[in-house]
Amino acid sequence: MAVERAGDEGLERGRTTSVSASVLDAVARALQLDDTERNHLFALANPTQRRPHDRATQRARPGLLRALENIADVPALLLGHRLDVLAANHLARAFYRDFEGLPAGERNMARYMFLDAAARDLYVDWPETARENVGMLHLYASHHPRDPRLAQLIGELSAGDRDFRRWWAEHDVYQPKHGSKRYHHPLVGDLTLGFEAFTPVGDSDQTLGLYTVEPGSPSESALRMLGNWTAADTHVQPEEAAEHGH
């Protein structure tokens with residue numbers, strides 16, 4: 001809503017330094033904010049309570065890497081803060097692209113979404129999903145306002161795509177939970193996949209995205225075909241995946 005965006009913009013520019021929780025609760029109720037927007041408002045309004053930026057390299061735990069590779073029938077991704085791709089299973093690499101084959105600084109879902117023309121062809125409803133990516137970056141920015149790598153990424157995306165520039169200026173936030181999306185894959189055609197998003201315990205800045213498919217559907221057949229065609233692909237190695245964070 002417009003009032004919410006205007007309030008977020010003022011807070012992000014530092015016009016508010018500290019606001020009591022009761023006042024913020026009242027604002028959240030008046031604006032009818034959902035849980036994601038409410039948490040975003042609290043993070044913006046109380047900069048002294050924001051977590052200091054963790055400069056350590058994000059790493060995918062060996063157990064999470066094994067879990068990803070044990071998921072064989074649907075794509076699965078592990079995303080870090082800034083939407084860095086920390087790890088992907090075989091079908092995710094075949095479905096999206098081989099992120100492991102990119103230089104470390106380019107293994108990022110937002111870069112793929114806005115700077116790779118293949119993403120616009122893959123997502124049938126590309127504008128909706130692209131805006132969700134922008135909202136996820138805004139949500140992260142409210143908790144890590146002084147992250148230089150985030151600033152670099154935002155600058156690169158703003159310079160490279162006018163849609164990103166317009167949506168970034170709207171200050172909307174988004175946290176993935178569950179839903180479904182339509183795709184048109186260049187190898188296997190049209191698919192509809194569900195998704196479930198989880199935060200691994202102990203790694204609050206990571207998101208595990210698991211996809212789902214309706215049993216017996218054409219989408220299930222298409223994924224099986226894609227998996228068979230790309231079965232020679234190698235598994236993620238823990239040592240390699242550990243370097244994906246930056």
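Trainee: What should I know before we start?

Mentor: This is a predicted model, where local features need pLDDT of at least 70 and side-chain atom pairs count only at pLDDT 80 or more, while totals for chains, interfaces and linings use all residues. Residues are numbered from 1 along each chain as its sequence is written, and side-chain values use heavy atoms, with hydrogens and water left out.

Trainee: What makes up the secondary structure of the protein chain?

Mentor: Twelve helices and five strands. Those are DSSP runs, numbered from the N terminus: helices are H or I with at least four residues, strands are E with at least two.

Trainee: Why is Arg-93 called buried?

Mentor: Buried means under 20% relative accessible area, exposed means over 50%, and partly exposed is in between (1.4 Å probe, protein chains only). Arg-93 has 7% relative accessibility, so Arg-93 counts as buried. Arg-93 sits in helix α5, residues 90–95. Across the 246 residues of the protein chain, 48% count as buried.

Trainee: And Glu-132, buried or exposed?

Mentor: Buried, because its relative accessible area is 14%. Glu-132 belongs to helix α8. Leaving aside residues up to four places away in sequence, Glu-132 touches Tyr-174 and Lys-181; a contact means heavy atoms within 4.5 Å.

Trainee: What makes a group of residues a nonpolar core?

Mentor: The residues must be buried Ala, Val, Leu, Ile, Met, Phe, Trp, Tyr or Cys, joined through side-chain atoms within 4.5 Å. The largest such core here has 45 residues, and Phe-95, Tyr-96, Phe-114 and Leu-137 have the most contacts inside it. Helix α8, residues 126–143, gives the most to this core, with seven residues. Apart from it lies another core of nine residues, including Ala-60 and Leu-65. As a rule, nonpolar side chains in soluble globular proteins tend to be buried together.

Trainee: Which residues does Tyr-96 touch?

Mentor: Not counting residues up to four places away in sequence, Tyr-96 touches several, among them Leu-77, Tyr-112 and Tyr-183.

Trainee: How do you know that β3 and β4 pair?

Mentor: Two strands pair if DSSP finds at least two bridges between them. Strand β3 (residues 178–185) and strand β4 (residues 189–198) have eight bridges, in the antiparallel sense. A hairpin of three residues joins β3 to β4. Tyr-183 stands opposite Leu-191 in β4, and His-185 stands opposite Gly-189 in β4.

Trainee: How many bridges join β4 and β5?

Mentor: Five, again antiparallel, with strand β5 covering residues 207–212. There, Ala-197 stands opposite Gly-209 in β5.

Trainee: Why is Arg-111 with Glu-156 called a salt bridge?

Mentor: A salt bridge is a side-chain nitrogen of Lys or Arg within 4 Å of a carboxyl oxygen of Asp or Glu. The closest N and O atoms of Arg-111 and Glu-156 are 2.6 Å apart, so the pair meets that cut-off. The pair links distant parts of the chain, with Arg-111 in helix α6 (residues 109–115) and Glu-156 in helix α9 (residues 148–160), 45 residues apart. Arg-111 is buried because its relative accessible area is 15%, whereas Glu-156, at 33%, counts as partly exposed. The structure holds 14 salt bridges.

Trainee: Which residues are linked with Asp-163 in a network of salt bridges?

Mentor: Arg-120, Asp-161 and Arg-166. Arg-120 and Asp-163 meet at 3.4 Å, N to O. Arg-120 lies in helix α7 (residues 117–122) and Asp-163 in helix α10 (residues 162–168), so this pair ties together parts that are 43 residues apart in sequence. For Arg-166 and Asp-163, the closest N and O atoms are 3.2 Å apart. Both lie in helix α10, three residues apart, about one turn of the helix.

Trainee: Is Asp-163 buried or exposed?

Mentor: Buried, because its relative accessible area is 17%. Arg-166, at 43% relative accessibility, counts as partly exposed.
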